[in-house]
Amino acid sequence: MDLKQLRTFRAVAELGSLSKAADRLRAAQPALSRHIKLLEHELRVELFVRNGRGMLLTSAGRMLLDRTTGLIRQIEQVSDDLKSANGNPSGRVILGLVPTVSAVLSGRFARRVISEFPDVSLRIVESYGGHLVEWLHRGEMDLAIIYGPAVDLHLQVQSIGREDIVAVGPPGSGLNKRKQVDLKWLVKQKLILPSISHGLRALLEKALAREKLKLDAMIEVDSYRAQISLMEEGLGYTLLPPSAIRTEVAAKRLEMAAVSPSVSRELILASPIAHPPSIATTTIATLIMSEIQQLSKEGLWKINMTA
């Protein structure tokens, strides 16, 4: 096996298509097909099932993907660090963000990376916390901002701080006038929440358990943007950090109120524990903390930063 073959294999496995992999790797499709065939010949197993819809991993292919993804990433980072030896951070950094953080951070942060570190190639992946943790463990991601508590995670973690969660509802719901609602009232409303595997839902479940309350009617939506859309349509309420719906509240498309007893979440910056970060990754981690501090100073992200 060589690195070029493994990179080709990973791209085809992730995209399910030789043509899509060729576009990502900017290589000719016949060359990629040859890499896959050589790899299968060397390993003496079929890695893909080929059909009219694309290429699907066999059980052997899934095993190879699981065992090599982190290894490939580490080899790439060695190359990145050697290129960074002249003092200019260089290389690819994959950053995972939960949707509510992405809504606040992505645009400004990406612009700052382009301006200050042009040799760093930043890839932002937006997903819920459970998925990001899995990808960190597998070595497929370099950094992620996820929910705590940090002690629950077998990762390298740095606490960013805590932010309060507010009740969010449709225009005309009266939340703006009420200023504050209690959890007992909130659980009687139709709630639009992600499924139990996601951070905000788990946070709410724990808060309700402390008050000996249970959820009743609820719409489950595993998409932050869909949650916003459903609330704008007047279909229910949810809980979100105020920073994530600042634009919608200012435009009077949503309303919000504080929650009593208060509910807050810890945000942490996490990275894999299995191998040291590259120079580029360390640079991006430092820049993330700097940008969050700046957003907090400007009042665009109400977060109690960890000292």
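Strand S6 (residues 156-169) and strand S13 (residues 304-305) pair in the antiparallel sense, over two bridges. Pairing here requires that DSSP finds at least two bridges between the two strands. Strands are DSSP runs of E with at least two residues, helices are runs of H or I with at least four, and both are numbered from the N terminus. Opposite arginine 162 of this pair stands asparagine 304 in S13.

Before I go on, a word on what we are looking at. This is a predicted model, in which local features need pLDDT of at least 70 and side-chain atom pairs count only at pLDDT 80 or more, while totals for chains, interfaces and linings use all residues. Residues are numbered from 1 along each chain as its sequence is written, and side-chain values use heavy atoms, with hydrogens and water left out.

Back to S6. Which strand pairs with S6 over nine bridges? That is S12 (residues 263-271), and the sense is antiparallel. Serine 159 has isoleucine 268 as its bridge partner in S12.

S6 also pairs with strand S11 (residues 255-260), antiparallel, over three bridges. For valine 168, the bridge partner in S10 is threonine 238.

Between S11 and S12 there is a loop, and proline 261 sits in it. The peptide bond from serine 260 to proline 261 is cis, with omega near -5°.

Now the other hairpin on my list. S1 (residues 48-51) and S2 (residues 54-57) are paired in the antiparallel sense over four bridges. A hairpin of two residues connects S1 to S2. Phenylalanine 48 has leucine 57 as its bridge partner in S2.

Next, alanine 60, a residue of helix H4. The cut-offs are under 20% for buried and over 50% for exposed, with partly exposed in between, using a 1.4 Å probe and protein chains only. Alanine 60 touches Val45, Glu46 and Leu47, leaving aside residues up to four places away in sequence. Contact means heavy atoms within 4.5 Å. The C-alpha atoms of alanine 60 and leucine 47 are separated by 5.9 Å, and the two residues are 13 apart along the chain.

On to helix packing. The axes of H1 (residues 3-15) and H4 (residues 59-83) come within 10 Å and cross at roughly 120°. That makes H1 oblique to H4. Axes are lines fitted to C-alpha atoms, for helices over the stretch in contact, and the angles run from 0 to 180 degrees between N-to-C directions. Under 35 degrees counts as roughly parallel, over 145 as roughly antiparallel, 65 to 115 as roughly perpendicular, and the rest as oblique. The H1 and H4 crossing is left-handed; that term applies if the near helix is turned anticlockwise from the far one by less than a right angle, with clockwise being right-handed.

From H1, the contact uses Leu3, Leu6, Arg7, Phe9, Arg10 and Ala13. On the H4 side are Gly61, Leu64, Leu65, Thr68, Thr69, Ile72, Ile75 and Glu76. Sorted by class, the H1 contact with H4 has eight nonpolar, three polar and three charged residues. Nonpolar covers Ala, Val, Leu, Ile, Met, Phe, Trp, Tyr, Cys and Pro; charged covers Asp, Glu, Lys and Arg; the others, Gly among them, are polar.

The axes of H2 and H3 come within 9 Å, crossing at roughly 110°. H2 is therefore roughly perpendicular to H3. Leu18, Ser19, Ala21, Ala22 and Leu25 of H2 meet Gln29, Leu32 and Ser33 of H3. That contact has five nonpolar, three polar and no charged residues.

In the loop between H2 (18-25) and H3 (29-43) is arginine 26. Its phi is near 55°, a positive value in a residue other than glycine. Arginine 26 is exposed, at a relative accessible area of 79%.

Where is lysine 212 found? In the loop between helix H9 (199-210) and strand S9 (218-220). Phi of lysine 212 is near 60°, again positive in a residue other than glycine. Lysine 212 is exposed, with a relative accessible area of 78%.
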